[in-house]
Amino acid sequence: GSSIKDIDDVEKQRNNLIENNNKAKAVKLLINAYNDKYLAHEVRMASLEALAESKDKLVLEAINKSVRTAELLDLEIMIKSVELLIKYDNQESIEALVTGLKKSESKIMDLREIIINAIGEIGSDDHIITLLDLYEISRINHQKNSELLALTLGEMGDERAIPILME
């Protein structure tokens, strides 16, 4: 076929890569699958793993692009889901939202740690400046997050928040 739909298709293209059988087409199909938001997660991961075995220049470009644009984090679906929960106006959703906030924070911290370590490993002098810029961005984001929490707590008008807001 002309596109990858499942693990079997990924395996066929992986074999084409290994056997140098129409390699350019196999690389193109696997890159398209890796970038396809509508494909199952496991198919996209398998495509990426198959591509990892190829030292093709196009593969490096495709992976650089998706890391650079951070498009692999499906934030659109997450945002849409949260917006739908607001419409339902259900108290039980608060627990899901709080858990989601904690999990997303933790996943983003894991991702940042991996990226920063990678910059450190590949790094050079100009990457020190990059890391210093990241440090400043991180500090500003933390400050924005604290302000957002303080404002939201203040608007709730619950006296349990007062000691924290005083700080």
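Helices, which are DSSP runs of H or I spanning at least four residues, are numbered from the N terminus, and the loop between α1 and α2 is where N22 lies. The model described here is predicted, with a chain average pLDDT of 83 and 95% of the residues scoring at least 70.

**Confidence**
- Within the chain, the mean confidence is highest in α1, at 93, and lowest in helix α5 (residues 75–88), at 75.
- Where pLDDT is low, the predicted coordinates should not be read in detail.

**Packing of α1 and α3**
- Helix α1 (residues 7–18) packs with helix α3 (residues 41–52) at an angle of about 5 degrees, and their axes lie 9 Å apart.
- Because angles under 35 degrees count as roughly parallel, α1 is roughly parallel to α3.
- On the α1 side the contact is made by I7, V10, R14 and L17, while α3 contributes E42, V43, A46, S47, E49 and A50.
- Of the residues in this contact of α1 with α3, six are nonpolar, one is polar and three are charged.

**The loop between α1 and α2**
- N20, located in the loop between α1 and α2 (23–35), has a positive phi of about 55 degrees although it is not a glycine.
- N20 is exposed, with a relative accessible area of 57%.
- N22, in the loop between α1 and α2, is likewise a residue other than glycine with a positive phi, near 55 degrees.
- N22 is partly exposed, at a relative accessible area of 47%.

**Helix α6**
- Helix α6 (residues 92–122) has 31 residues and reaches 46 Å from its first C-alpha to its last, which is close to the 45 Å expected at 1.5 Å a residue.
- S93, G100 and I119 are buried in α6.

Note on methods: Residues are numbered from 1 along each chain as its sequence is written. This is a predicted model: local features need pLDDT of at least 70, side-chain atom pairs count only at pLDDT 80 or more; totals for chains, interfaces and linings use all residues. Side-chain values use heavy atoms; hydrogens and water are left out. Axes are lines fitted to C-alpha atoms, for helices over the stretch in contact, and angles run from 0 to 180 degrees between N-to-C directions. Helices (H or I, at least four residues) and strands (E, at least two) are DSSP runs, numbered from the N terminus. Angles under 35 degrees count as roughly parallel, over 145 as roughly antiparallel, 65 to 115 as roughly perpendicular and the rest as oblique. Contact means heavy atoms within 4.5 Å. Ala, Val, Leu, Ile, Met, Phe, Trp, Tyr, Cys and Pro count as nonpolar, Asp, Glu, Lys and Arg as charged, and the others, Gly among them, as polar. pLDDT is the predictor's confidence in each residue, from 0 to 100. The expected span of a helix is 1.5 Å times one less than its number of residues. Buried means under 20% relative accessible area, exposed over 50%, partly exposed in between (1.4 Å probe, protein chains only).
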